[in-house]
Amino acid sequence: MMEAHVSEEKKRSVDEIAKLILEYPIIGAVNVENLPTAQLQKMRGQLRGNVVLRIAKRRLIKLAIEKVKTEKKGIEALEPQLIGMPALLFTKDNPFALFGNLKKNKSKAAAKPGQTAPADIVIEAGPTPFSPGPIISELTMAGLKTGVEGGKVAIKMEKVVVKKGDVIDAKMAGLLVKFGKEPMEIGLDLVAAYENGMVFNKDVLDFDADKFMINVSEGARYAINLAIEIGFPTKETIEIMISKAYLESKALAAEQKIEVDAKQSEKKEEVKAEGAKETKPDEVKEAKAETKEIKEEKTEPKHEIKEKKTSDEVLKTEEVKDKDYKEKKDQKEVEGIVEKLKKGEFDRSKKYA
């Protein structure tokens with residue numbers, strides 16, 4: 001039995017791909033079908049340094065995978081993802097970041113006859129720039145409901161004219177061009193990526209990080225609201241629950257006209273706080289100093305007056321005492337004379353003071 005002849009070039013290609021599969025942790029399967037050469041070279045330049053791109057026949061890529069499948073667990077799951085004109089990408093970057101980078105560098109283009117629609121192609125309702133004529137039959141054959149508005153053809157109802165995965169024929173390609181539709185994306189189409197024994201397909205890799213974070217934030221908010229409503233205390237909900245209970249109790253007290261001591265205390269505290277805000281510490285010190293000076297000024301004259309008043313009073317008291325003493329003395333002398341007259345002992349020749 002004669003063995004099939006395999007060229008040395010093909011053997012080297014298989015060995016090179018097998019070596020790259022073992023060297024890199026991330027291996028992506030891409031479809032470069034319908035990718036213009038100029039666009040392919042541009043993408044090579046953009047990826048150089050971070051990504052290695054190898055284009056080879058599907059059979060050679062499968063031979064390389066078979067060669068290393070015992071050393072690279074699960075790599076054989078990448079074989080069904082080799083569609084169109086396959087190629088392999090080798091990188092150490094995150095596969096999701098790789099997909100996002102390739103998607104960002106794609107450009108739009110009109111569809112050519114025979115190409116496969118990458119997504120549903122829709123023609124929206126509304127006016128068109130077309131004048132009534134043969135175009136109406138063309139649109140009707142495409143399944144579109146039309147009418148004439150303001151002298152122009154109008155689409156009455158939105159319709160999907162090509163579904164995702166359908167092949168676009170020549171008539172439809174021409175109609176899409178008339179509507180300015182560019183459904184095709186030019187660039188490296190990452191179909192799937194291998195990492196740590198698992199293969200992630202395109203639907204999983206098409207990950208919107210911003211939308212994901214928004215969904216996580218909304219989920220956390222809904223969870224907190226639910227925990228508060230059912231009275232489930234957690235580190236994240238306990239402060240909100242206490243505040244909510246306080247506000248509800250205040251509202252209930254106000255509704256039932258219940259005077260709450262805490263409320264009065266709160267008002268007093270508010271008044272104190274407002275007073276403290278209105279009087280600054282420096283102003284308080286100045287006011288105290290002024291008060292002290294005024295007191296000293298008022299106090300000194302009082303002492304002098306008091307002292308003067310006290311001296312006058314002493315003199316007056318002494319005068320009163322002398323007067324009283326003299327009156328008492330005179331009264332005693334009068335009483336002595338009267339007594340002597342009664343007894344006949346009064347000496348009329350004697351002079352009395």
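Analyst: Keeping in mind that this is a predicted model, we can start with H5 and H6, which cross in a left-handed way.

User: Okay, and at roughly what angle do the axes of H5 and H6 cross?

Analyst: The axes of helix H5, residues 134-141, and helix H6, residues 170-178, cross at roughly 120° and come within 11 Å. Because angles of 65 to 115 degrees count as roughly perpendicular and those over 145 as roughly antiparallel, H5 is described as oblique to H6.

User: Which residues meet there?

Analyst: From H5 there are Ile 135, Glu 138, Leu 139 and Met 141, and they meet Lys 171, Leu 175 and Lys 178 of H6. Sorted by class, this contact of H5 with H6 has 4 nonpolar and 3 charged residues, with no polar ones.

User: Switching topic, how do H1 and H3 cross?

Analyst: Helix H1, residues 8-23, and helix H3, residues 58-68, have axes that come within 8 Å and cross at roughly 50°, which means that H1 is oblique to H3. The crossing in which H1 passes H3 is right-handed.

User: And what makes that contact?

Analyst: On the H1 side the contact is made by Lys 10, Ser 13, Val 14, Asp 15, Ile 17, Ala 18, Ile 21 and Leu 22, while H3 brings Arg 59, Leu 60, Ile 61, Leu 63, Ala 64, Ile 65, Lys 67 and Val 68.

User: How many of those are nonpolar, polar or charged?

Analyst: The residues in the contact of H1 with H3 divide into 11 nonpolar, 4 charged and 1 polar.

Technical notes:
Residues numbered from 1 in each chain as written. Predicted model: local features only at pLDDT ≥ 70, side-chain atom pairs only at ≥ 80, totals over all residues. Heavy atoms only, no water. Axes fitted to C-alpha atoms, helices over the stretch in contact; angles between N-to-C directions. Helix = DSSP H or I, 4+ residues; strand = E, 2+ residues; numbered from the N terminus. Parallel < 35°, antiparallel > 145°, perpendicular 65-115°, else oblique. Left-handed = near helix turned anticlockwise from the far one by under 90°. Contact = heavy atoms within 4.5 Å. Nonpolar A, V, L, I, M, F, W, Y, C, P; charged D, E, K, R; others polar.
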